[in-house]
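Here is a quick briefing on a predicted model. Keep the structure open while you read.

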Amino acid sequence: MDYDEYKNFVRGVKKDYGKSLGIGWLVPSLRPVYDVASKQECIGWRLKWAGPFVADENYVCVREDWAGTPGAYIRRYFSYHYGPYHRLEGLEDAKWKAVVVRIDARSYNGRGFHIHDGRKDRRIHQDELSSPDLSQSGMVDFIERVTEVRKGQSVTDAFELRFK
Amino acid sequence: MDSMEFNEQPLTYAEAVEQVSKFERMYKITSEEFFASLDKGTSGVDVHPDDLYEWRSYFAFKSDLDARLATALREESGEPIQEVVYSQNPGIHARTKVQAVQAANNNLALAA
């Protein structure tokens, strides 16, 4: 997926997972990075995109970094967050203080990706799970599962967490 | 597909450098040290997860751009990029190892 294809993907997410789910997506911050030498070649991009729910003061925030490798662009880092917010202004840049569910593609203590279940300090690491493979989590899948959480399912059930 | 607005301001090298420096100052550790210790599980620095994401992201893009710049300069000059060694003595200019060897040779030639 190149930069233009990615933009189309984001458009598709807004169309398919926007109003129908009650998400009022804000303007995505999609920042391409160009090679300093050639100034033409796009070597990757960063997405930060927040979508507050209309019905209550909760929001989804998705962040992805894509980097160019020989032959393809790959998603290098990501973070998907769902939880309450205090104010809409600068939502995609706001530091989260409370969380309902969040998947971080960050390794703490060499333990792989993790998912937060309800609390900031409650991290379920990949090495505690037999499934799913958190590194394969996607934006669309996250949004769909968040809608299940909003319907009352637990994070464990909605995200089909299987503990070892 | 409906039209959709994006904020598409490119991320510049200067901004990536500035952001990396900001986090290094804030947490009083170099990026190289911090991420190496984080991966090993030996980091004692408590970084907010959002800061962590941003720091890692900027550092990765800065590193990508550094590598590409080094490659471009190497291809242009035909020589590997040399690390610049900074002198601790005032009045002595920084120079690469190649430049230092050349300077030493010039001094020998002048002395002969």
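**Hairpins and sheet**

Five residues lie between β2(A) and β3(A), and the two strands form a hairpin. They belong to an open sheet of 7 strands in chain A.

**β2, β3 and β4**
- β2(A) and β3(A) are antiparallel and share 9 bridges.
- P52(A) has Y59(A) in β3(A) as its bridge partner.
- β3(A) also pairs with β4(A), again antiparallel, over 12 bridges.
- R63(A) is bridged to S79(A) of β4(A).
- The hairpin of β3(A) and β4(A) has 2 residues between the strands, and G71(A) there takes a positive phi near 100°.
- β3(A) is mostly covered, with 9 of its 12 residues buried.

- β6 (residues 114-117) of chain A runs antiparallel to β7(A), joined by 3 bridges.
- H116(A) has R123(A) in β7(A) as its bridge partner.

**Contact with chain B**
- In chain A, 32 residues are in contact with 28 residues of chain B.
- α1 (3-16), β1, β2 (42-52), β3 (58-69) and β4 (72-84) of chain A each supply at least two residues to the side that touches chain B.
- β1(A) gives the most, with 6 residues.
- This side of chain A has 12 nonpolar, 7 polar and 13 charged residues.

Note on methods:
Residues numbered from 1 in each chain as written. Chains lettered and ligands numbered in written order. Predicted model: local features only at pLDDT ≥ 70, side-chain atom pairs only at ≥ 80, totals over all residues. Pairing = 2+ DSSP bridges. Helix = DSSP H or I, 4+ residues; strand = E, 2+ residues; numbered from the N terminus. Contact = placed C-beta atoms within 7 Å. Nonpolar A, V, L, I, M, F, W, Y, C, P; charged D, E, K, R; others polar. Buried ≥ 20, exposed ≤ 12 C-beta atoms within 10 Å, placed from the backbone.
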